[in-house]
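Please look over the sequence and the structure before reading on.

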Amino acid sequence: LQGLWICTDPNCGHAPQRTFPTPAGAIHYVPTLTCQCGSRVLELLYCEACGEVLFGGYRRDTGNPNEWYLSPDHPNLEAAPDLASFDRDYDRYAVFWPSGGVLAPASPAWTQDGIRRTWRAANLDPIDGRVGLGGSQAGISGYLYYVPSIHGTNPPPAEIGREAYPAHCPRCDADWARRTVIRSPIRTQRTGFQRIAQVLSDALLRDLSQPPLSTERKLVVFSDSRQDAAKLSAGMRFSHYRDTLRQALMAALGQQASGPQAFTAQCQGQALSPQQ
């Protein structure tokens, strides 16, 4: 799964029937500029800690200060392929939280790597994807991840403060700034390569164990890099262990009440089934 994209209009007419209010419209499985309702489509982001919905999009200047157009794909399509980088850094990518003006960020500002970072009140126009700071414009009310020093006259070096995703979730205030690898709880809907390989490997091993194939099945995992192959193999084993542990826990939870129920039935003179 390369990701999910979503209509930014909460009143989208192409979304399925909802039983409660949602901050977005219909889901799209491929990146597209606009929804069938005519609204801008952006990348669907979520907080790994609480599941809060956020929007992500590549930014392009509008000519006005503190205002950008957001799109699901890189806006500079005329650039040469070696120049049109799709890396998600702060200069190219923006994160917007559609709070609807009801909720406020738990931590409006924080300091990370010596740089002040904020959630600034903003409005998103669902028609053209224009987002601007301030709460007086028409559109969807929310908050934009904003690093003031990068937009100032003396921005920090390119290698500092350029993370596209904030280290704080605006809803649950999960703080991942002190982590060394993944420093933000905000994630895309993309499925990792390790997970894909682990799921396919599990299915392949189950098929190999069926007669007339050999029960002494083995699987060879390889890559063009020795280090990548070692990391993939270790990660697959750990993921398989966690999945097996989850299955065992769910089976135990499902059977935990069978003992008292069987004892009650036996005390009442009922015949017990082989499962009991």
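A residue counts as buried under 20% relative accessible area, as exposed over 50%, and as partly exposed in between. The model discussed here is predicted. The points below are grouped by topic.

**Loop residues with positive phi**

- Most residues other than glycine have a negative phi.
- Asn66, which is not a glycine, has a positive phi near 60°.
- Asn66 sits in the loop between strand S4 (53–61) and strand S5 (67–71).
- With a relative accessible area of 33%, Asn66 falls between the two limits and is therefore partly exposed.
- Asp173 is not a glycine either, yet its phi is positive, at about 65°.
- The loop that holds Asp173 runs between helix H1 (148–151) and strand S11.
- Asp173 is partly exposed because its relative accessibility is 28%.

**Cysteines**

- A disulfide is a covalent bond between the sulfur atoms of two cysteines.
- The whole structure was searched for disulfides, and zero were found.
- Cys7 is in no disulfide, and the nearest cysteine sulfur, that of Cys37, lies 3.6 Å away.
- Cys7 has 0% relative accessibility and so counts as buried.
- For Cys35, the closest cysteine sulfur is in Cys12 at 3.7 Å, which is too far for a bond because a disulfide needs the two sulfur atoms within 2.5 Å.
- Cys35 is buried, as its relative accessible area is 5%.

**Largest pocket**

- The largest pocket holds about 770 Å³ of space.
- Its lining is made of 25 residues, and those nearest the centre of the pocket are Glu48, Ile182, Arg187, Thr188 and Arg190.
- Strand S11 (186–188), helix H2 (193–208) and helix H3 (226–255) are the elements that give two or more residues to this lining.
- Sorted by class, the lining has nine charged, eight polar and eight nonpolar residues.

**Helix H2**

- H2 has 16 residues, which at 1.5 Å a residue should span 22 Å; the end C-alpha atoms are 22 Å apart, so the two values agree.
- Ala197, Gln198, Ser201 and Asp202 are the buried residues of H2.
- Viewed down the helix axis, the buried residues of H2 fall within an arc of 135°, so they line one face of the helix.
- An α-helix has 3.6 residues a turn, so residues three or four places apart point the same way.
- Phe193, Leu200 and Arg206 are exposed on the other side of H2.

Definitions and conventions: Residues are numbered from 1 along each chain as its sequence is written. This is a predicted model: local features need pLDDT of at least 70, side-chain atom pairs count only at pLDDT 80 or more; totals for chains, interfaces and linings use all residues. Side-chain values use heavy atoms; hydrogens and water are left out. Buried means under 20% relative accessible area, exposed over 50%, partly exposed in between (1.4 Å probe, protein chains only). On a 1 Å grid over the protein atoms alone, a cavity is a set of points where a 1.4 Å probe fits but cannot get out, and a pocket is an open set with protein on both sides within 12 Å along at least five of seven lines; lining residues have an atom within 4 Å of a point. Grid points are joined across faces, edges and corners, and a volume is the space filled by probe spheres set on the points. Helices (H or I, at least four residues) and strands (E, at least two) are DSSP runs, numbered from the N terminus. Ala, Val, Leu, Ile, Met, Phe, Trp, Tyr, Cys and Pro count as nonpolar, Asp, Glu, Lys and Arg as charged, and the others, Gly among them, as polar. The expected span of a helix is 1.5 Å times one less than its number of residues. The arc is that of the directions from the helix axis to the C-beta atoms.
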